[in-house]
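Please consult the sequence and coordinates shown below alongside the text.

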Amino acid sequence: MIRRSPIPVLPVLLLLAESSVAQSLVRDLNPIVVTNGSSPDSFAVLPGGARAVLFANAFDDGKGKEPWVTDGTAVGTSLLADLTPGGGSSSGSFTYPVGNKLLLFASAAGLGVEPWVTDGTAAGTILLQDINPGSGSSFGFSVVTLGGKVYFQATSPSTGTEMWETDGTVAGTKVLDVVPGSGSGYFASPAVLGTRIVYFGSTPATGVELMISDGTSANTTVLKEFNPGTASSAGSFCVTVGSKVFFHIQSPFASAGLWVTDGTASGTVWLGGPADARYPAAFGSSLLFGAKDANGREVWISDGTPAGTQLVKDIDPGRPDGLRTGFTVVGNRAYFWAKDANGFEPWTTDGTTAGTSLLKNIRTNGEPRYLTSFVPLGGLVYFSGDDESFGGEVWQTDGTTAGTKLVADIWPGKTSSDPRMFGTWGNRLVFAADDGSRGRELYTMVPGQPPQLVKDIGGGALPVSSQPRFGVNLDDGSSLFLASTTRGGNVVLGRTDGTSAGTRIVTELSSDPRTSVTGPWHAVKFHGLAYFNHETATHGSELWATDGTAAGTRLFLDLEPGVTGSKAIPWRVVGGRLLFVATVQGQPQLWATDGTVAGTQVLANQTPLTDARLGEELFFTVGNPTSQKHMWKTDGTPAGTGFVMTLNSVSGRIFGRLGDRLLLNFGSTSFGDEPWISDGTPAGTQLLADVYPGSASSIAGSYTEFGKLGVFTAQHPSYGEELWVTDGTTAGTMLLRDIRPGYVVGGDWQFVVAGDLLFFLVDDRVHGTELWRTDGTTTGTVLVRDVWPGANPGARILGPGGADRKIVFAADDGTTGLELWTSDGTSAGTRRLQEIEPGAGSSNPGYFFAAGERIYFAASYSTVGEELFAVTYKEIAAGRSTQYGYGCPGTGGIRPQMASAGAPTIGTSAFQASLTKGRANAVCGLALGAQRVSVPLGSSCRLWVDPLAVLVFGRTDGAGQFSLSAPIPNQPTLVGLSIVITGFVEDPQGAFANQLSIADALQVVFGG
């Protein structure tokens, strides 16, 4: 029996609690305004050559990214069509001329990405067909021209993913439904071979295999089946060279490597070579390509015979992947980017070892940010070079070191204009660049003359964003994040406690002005420090640690001395050790550290893929993309790290944990890849359910555990990919609900648990992508609300959930743009929290991160750019209790712990804060404070509660437990109030002055 305090504590709570601030901008870390350019892209010349079309942003006119037309002069440059009126963008990409027009794929208001055609006039810019009706996108991939028609891959609910053709007219745009109905025939990596097209496609009898077609369904057949039966082969590129097509196969059921075909089954021949190939380019009568073997990915060539398929040059001996981009062929030479001891630099080859050489070591310190394409014009080749004196600017080469030089410094000085090469237009080079005053705009350049700005399309002043990306909570309640700052856009380490005054830059991590924040920051907290990967010019990419101060931010260990580094990435904390992955001398390895250099050691020469924890052990999978996966386990020590079993599948993985067992994607000849359940031993591993009956595979994944149930996605012949639920038994593993009728696979399944509900996003093909929830039953799996009525995608990104069925998420109702919403799982309780960007514009909230009493996120506002915002739990009325810190031990080395029972919600009498694992029958107490702190007390002990705390004394019971009941009145003014609680126990063996053992701490935020 836990001994409870009879002391009424609510008055104490009210005295200590502090109100949360309203959801708002936390701080504008980058408070400057600059003139941004139109960021032109997708440049393409119209047939005839007099005009060209591009996509650009017109900020002055309040336009998003839309198609523009130009004749190369400012006067002749104008908006072609505002396909998405207002600030929205129709962002598209161009493909090939068709007739006297240009085919493009773009989105428009109420439509997804669909095929359009333009003759360069507004009236002549028309939608060819809404292939995927409504706001859904058919996209447009794998484009090729044959006989005056353009063929491409597109997707619709009625025909699946198939080959389409167009002659540039509405009537001439139609599907070649190779697999009739909603089944998919696909059309990937096409290449023209005479009057036919060679590509990778699918039939019901063969799966995805090499096919050939003359553009009609009747004459579309399988050319060669590499993986007999209905399973698919793993094919990649197809490239035409003369009268043959080269292609690549990765299938484990056939000879992997490079192949060539003359369009007949007998003329389809294996050439050998490595199983991993990419970057193909026709090179005279041969094929240049990049392939990966023991030398890493390097330059290879093939003349169409096995003997003539060989390595050209190992550019970076002893290191992986010398070749880093594709080839631009100019006459009898090819140009490309590669990396050796000099870093990323431009190279050239004539297809021989002797003729493959570095053009010039342009940047001797560090590496260029962008590896742009090479563009031939007038006997020279142009590209974006990057050196220490001028930054990234326009360079040219004649194929020699002496003839490789800077030709234009568009942004004068060391700052880069970062020219992005589009190609040529008559006798002109066309590219986008930033001159430092207008932002990125469209330029042309005639060889021998200075570059000319076509037009300042963007104009207007825009705020600079700090782009906050969150990483980890510290024990004092503050949080660390990455951001960009005014200092040239440098990446910095930031810290926030949720207030403007408490949000600051800790230290600059990158002094390279070309570096930007591009994604979430992966950091792991361990023993009060945050460990993260950081790259410097001196040490390369290594493991760093920080305590949240400039002085306490340091290189932890230089595992691979030199400018490359070990690329160490922190991973998990197991057995009192931090696990991380690093590459040393070309060998990827799993490492562990106790926080000291001496206590850092290799666990295994493996790279973990998927993982789950059982007790004090972490189970993980290893393997390469084309081999069977194996399951290993570790307790954080070399002796406790080792092989467990083989998962018998290339796609084998640990996809979750259910209670004290693992859920595996396990392969067998009888069942294919199906969900299995395991106690972590081979003997304790058994089939959970044959979801896709027979030898075919369901490929389970996207798993979330909530309560005593697990929900995952899996494929079934009748339902496609849907949600399944399991209680860990075969009988209790079943389809949760057929949300997407018909055979539909893929999709971005996002999940978040809130209380006893699981929220998720899915497109049911009727309402678009919206918010759903489930309680683990079929009847309890329902659409929460159609935020944007109809087939439009309303809900986009899920944020954190609370203990009382409340979540935040980003959604668009079709009127106010993408903004911050909250939901309690009911339609009435699903509402927009705040319209950060007024009107139809979007604030685009994302990168959600829960910390203390707040949920932080990045959002954009027109006057500040993308900055740090926060919403308090008070605003979504979600009470919660959060443990933080770590206690100091007492008798037997055991650390007391804090726990809670019941949600801290107004009107409840069931909430308790409990001290556990203390010395039995001893004087104890709870300290209740107003804020989180981290004060060292010596002997590795810390105080986690405000020193001005109120103390409540008691005595532990025979199990070393003591609890405090706190009935909470039903008073709305209490919602959002916060207190912190820690416990202490009288203990002669306590680490604090041989008098006390101290628990971790509990932060309690009251909800409604």
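The sections below treat confidence, one phenylalanine and its surroundings, aromatic pairs, and charges over rings.

**Basis and confidence**

This is a predicted model, in which local features need pLDDT of at least 70 and side-chain atom pairs count only at pLDDT 80 or more, while totals for chains, interfaces and linings use all residues. Residues are numbered from 1 along each chain as its sequence is written, and side-chain values use heavy atoms, with hydrogens and water left out.

The predictor's confidence in each residue, pLDDT, runs from 0 to 100. Its mean over the chain is 88, with 92% of residues reaching 70 or more. Confidence is lowest in strand β1 (residues 3-5), at a mean of 40, and highest in strand β55 (residues 630-634), at 97. Strands here are DSSP runs (E, at least two residues), numbered from the N terminus.

**Phenylalanine 247**

Strand β21 (residues 244-249) contains phenylalanine 247. This residue is buried, because its relative accessibility is 0%; buried means under 20% relative accessible area, with a 1.4 Å probe and protein chains only. Beyond four places in sequence, the contacts of phenylalanine 247 include Leu210, Phe237, Cys238 and Val260, a contact being heavy atoms within 4.5 Å. Phe247 also belongs to one aromatic cluster with Phe200, Phe226 and Trp259.

**Aromatic pairs**

The whole structure holds 36 aromatic pairs. Rings of Phe, Tyr and Trp (its six-membered ring) pair if their centres lie within 6.5 Å; planes under 30 degrees apart count as stacked, over 60 as edge-to-face and the rest as tilted. Two tilted pairs are tabulated.

| Pair | Centre distance | Plane angle |
|---|---|---|
| Phenylalanine 470 and phenylalanine 481 | 5.5 Å | 45° |
| Tryptophan 749 and phenylalanine 760 | 6.5 Å | 35° |

Phenylalanine 470 lies in strand β41 (residues 469-473) and phenylalanine 481 in strand β42 (residues 479-484), 11 residues apart. Both of these phenylalanines are buried. Tryptophan 749 occupies the loop between β64 (734-737) and β65 (750-754), and phenylalanine 760 is in strand β66 (residues 757-763), so their pair ties together parts 11 residues apart in sequence. Tryptophan 749 is buried at a relative accessible area of 9%, and phenylalanine 760 is buried at 0%.

**Charges over rings**

A charge sits over a ring if NZ of Lys or CZ of Arg is within 6 Å of the ring centre and within 35 degrees of the ring normal. The charged end of lysine 224 is placed over the ring of phenylalanine 226, 5.8 Å from its centre. Arginine 428 lies over the face of tryptophan 425, 4.3 Å from the ring centre.

Methods
Helices (H or I, at least four residues) and strands (E, at least two) are DSSP runs, numbered from the N terminus. Buried means under 20% relative accessible area, exposed over 50%, partly exposed in between (1.4 Å probe, protein chains only).
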